[in-house]
Amino acid sequence: MEPMRRRGRRKRRTSLYLVMLVVGIFLATLIIQGAGLQADCRRLTAEKSQLEQKKKNLEKEQQKIVEKEKYMQTDKYIEDMAREKFGLVYDNEIIFKPADSE
């Protein structure tokens, strides 16, 4: 009877070790996956902040374009372009040009 008890104990002990091994593998897998997910979370957070900054920059650029579009529809813009591109002036204006230094 004594050998039967030993076998039963060994069998239970072996089953216990096997269960503990499976649980250990499961926990190790969870820890590894958790670390990977944390790394992904940090990467995505950094990417999110970069994209938010890019969005702010694009919104500023869009606002500048809208303001320029409004300015280009004014008489002031037409006058400025006529002065700059064609050198046009009003009748009562005097133009001063720098002397060429040679």
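Begin with the charged side chains: the protein has 22 positive and 16 negative ones, and the centres of the two sets lie 34 Å apart. Here Lys and Arg count as positive and Asp and Glu as negative, while His and the chain ends are not counted, and each charge is placed at NZ of Lys, CZ of Arg, CG of Asp or CD of Glu. What you have open is a predicted model, in which local features need pLDDT of at least 70 and side-chain atom pairs count only at pLDDT 80 or more, although totals for chains, interfaces and linings use all residues. Residues are numbered from 1 along each chain as its sequence is written, and side-chain values use heavy atoms, with hydrogens and water left out.

Next, show the whole chain as a cartoon. The secondary structure comes to 2 helices and 0 strands, where helices (H or I, at least four residues) and strands (E, at least two) are DSSP runs numbered from the N terminus. The radius of gyration is 40 Å, well over the 13 Å that the globule rule gives for 102 residues, so the protein is more spread out than a compact globule; this radius is taken over C-alpha atoms, and the rule is 2.2 Å times the number of residues to the power 0.38. Along its principal axes the C-alpha trace spans about 130 × 40 × 15 Å. Of the 102 residues, 2% count as buried, with buried meaning under 20% relative accessible area, exposed over 50%, and partly exposed in between (1.4 Å probe, protein chains only).

Now select Leu44, which sits in helix H1 and counts as partly exposed at 47% relative accessibility. Leu44 and Lys11 are 33 residues apart in sequence and 49 Å apart in space, C-alpha to C-alpha. Moving on to Lys60, also placed in helix H1, you find an exposed residue with a relative accessible area of 57%; its C-alpha atom is separated by 69 Å from that of Thr14, 46 residues away along the chain.

Select Thr74 after that, in the loop between helix H1 (2–72) and H2, where it counts as partly exposed at 30% relative accessibility. Between Thr74 and Met20 there are 80 Å from C-alpha to C-alpha, and 54 residues in sequence.

Gly87 follows H2, and its phi is positive, near 70°.

Finish with the rings. A search of the whole structure finds 1 aromatic pair: the rings of Tyr71 and Tyr77 have their centres 5.4 Å apart and their planes at 80°, so the pair is edge-to-face. Rings of Phe, Tyr and Trp (its six-membered ring) pair if their centres lie within 6.5 Å, and planes under 30 degrees apart count as stacked, over 60 as edge-to-face and the rest as tilted. Tyr71 counts as partly exposed, at 34% relative accessibility.
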